[in-house]
Amino acid sequence: NLPESTSPSVYLALTGQVPLTVVDDWNIPSAVLIFRMFSPADLLVESPDGKKIGFDKQTNSEINTIGGAFYSGNAASAEYIVIPNPLAGTYKILSQGTGEGEYTIAVSKVTDADAIDVQFTAHTYSGLTSALNFEPDEMEVVPEDVTPPTLDIAEPLAQDYERSAQLTVDV
């Protein structure tokens, strides 16, 4: 207990300043997710339980409701998010364009056994928000389904009709 109980005194002796925060509750995670954004975009991550971390364009502010997680900030030269002990399930990643060009989101999962990295690259422009899904067990970043459904019209057959005609359409 000696190192832990004397750490504020040691900090004061070494720096001449009283520590503003003392961390004495160590919790070593079993796994860590690291999300990195390579601009021109900001990053917001939503965990499977709906908690968020990153830069929220709707409120124009940083948000962190995930316990133990860290966000570097959108003004940092390297924008990244670290989430310890990730939950099982799908994480939603929002890429929020700050300019036009190609961006890359890199996600790493680090455990005692290994470290796995995946990347997703796309094009963005200022104001565009793109949603991606990430499943830690699958280690794959995929866009949310944004493809509109297609319809096949069986009847009536394509031909000219009067504007006033009322048609029954079989789709």
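## Overall architecture

Read along the sequence, the chain follows the pattern α-β-β-β-β-β-β-β-β-β-β-β. That is one helix and eleven strands. The model is predicted.

The chain has a radius of gyration of 24 Å, whereas a compact globule of 171 residues would have one near 16 Å. Along the principal axes, the C-alpha atoms fill a box of roughly 90 × 35 × 25 Å. Buried residues account for 29% of the 171 residues in the chain.

## The six-stranded sheet

Six strands form an open sheet in the order S4-S3-S2-S7-S10-S11. The pairing is antiparallel. Strand S4 (61-64) and strand S11 (140-143) are its edge strands, and each pairs on one side only. On average, neighbouring strands of this sheet are turned by 20° against each other, direction ignored.

Strand S3 (residues 52-56) is joined to S4 by four bridges, and the two run antiparallel. Gly54 has Ile63 in S4 as its bridge partner. The hairpin of S3 and S4 has four residues between the strands. Asn60 takes a positive phi there, near 55°.

## Strand S10 and its neighbours

S10 sits between S7 and S11 in the strand order. On the S7 side, strand S7 (residues 91-97) and strand S10 (residues 129-135) pair in the antiparallel sense over six bridges. Lys92 has Asn133 in S10 as its bridge partner. Ile93 stands opposite Leu132 in S10.

Ser130, Leu132 and Phe134 make up the covered face. Thr129, Ala131, Asn133 and Glu135 make up the uncovered one.

S10 and S11 run antiparallel and are joined by four bridges. Their hairpin has four residues between the strands. In this hairpin, Met139 takes a positive phi near 50°. Glu135 stands opposite Glu140 in S11.

Is Glu140 buried or exposed, or something in between? Glu140 is found in strand S11. Its relative accessible area is 48%. Buried means under 20% and exposed means over 50%, so a value in between counts as partly exposed. Glu140 is therefore partly exposed. The C-alpha atoms of Glu140 and Val118 are separated by 6.7 Å, although the two residues are 22 apart along the chain.

## The five-stranded sheet

A further open sheet has five strands, in the order S5-S6-S1-S8-S9. Its pairing is antiparallel. The edge strands are strand S5 (70-71) and strand S9 (115-124), and each pairs on one side only.

Strand S1 (residues 31-38) pairs with strand S8 (residues 101-111) in the antiparallel sense. Eight bridges hold this pairing. Ala31 stands opposite Thr111 in S8.

## The largest pocket

Strand S6 (residues 79-84) gives the largest share of the lining, three residues. By residue class, the lining divides into ten nonpolar, five polar and two charged.

## The loop between S6 and S7

Ala88 is found in the loop between S6 and S7. S6 belongs to the five-stranded sheet, and S7 to the six-stranded one. Ala88 has a relative accessible area of 66%. Exposed means over 50%, so Ala88 counts as exposed.

Ala88 and Gly73 are 15 residues apart in sequence. In space they are 25 Å apart, C-alpha to C-alpha.

Note on methods
Residues are numbered from 1 along each chain as its sequence is written. This is a predicted model: local features need pLDDT of at least 70, side-chain atom pairs count only at pLDDT 80 or more; totals for chains, interfaces and linings use all residues. Side-chain values use heavy atoms; hydrogens and water are left out. Two strands pair if DSSP finds at least two bridges between them. Axes are lines fitted to C-alpha atoms, for helices over the stretch in contact, and angles run from 0 to 180 degrees between N-to-C directions. Ala, Val, Leu, Ile, Met, Phe, Trp, Tyr, Cys and Pro count as nonpolar, Asp, Glu, Lys and Arg as charged, and the others, Gly among them, as polar. The radius of gyration is taken over C-alpha atoms; the globule rule is 2.2 Å times the number of residues to the power 0.38. Buried means under 20% relative accessible area, exposed over 50%, partly exposed in between (1.4 Å probe, protein chains only).
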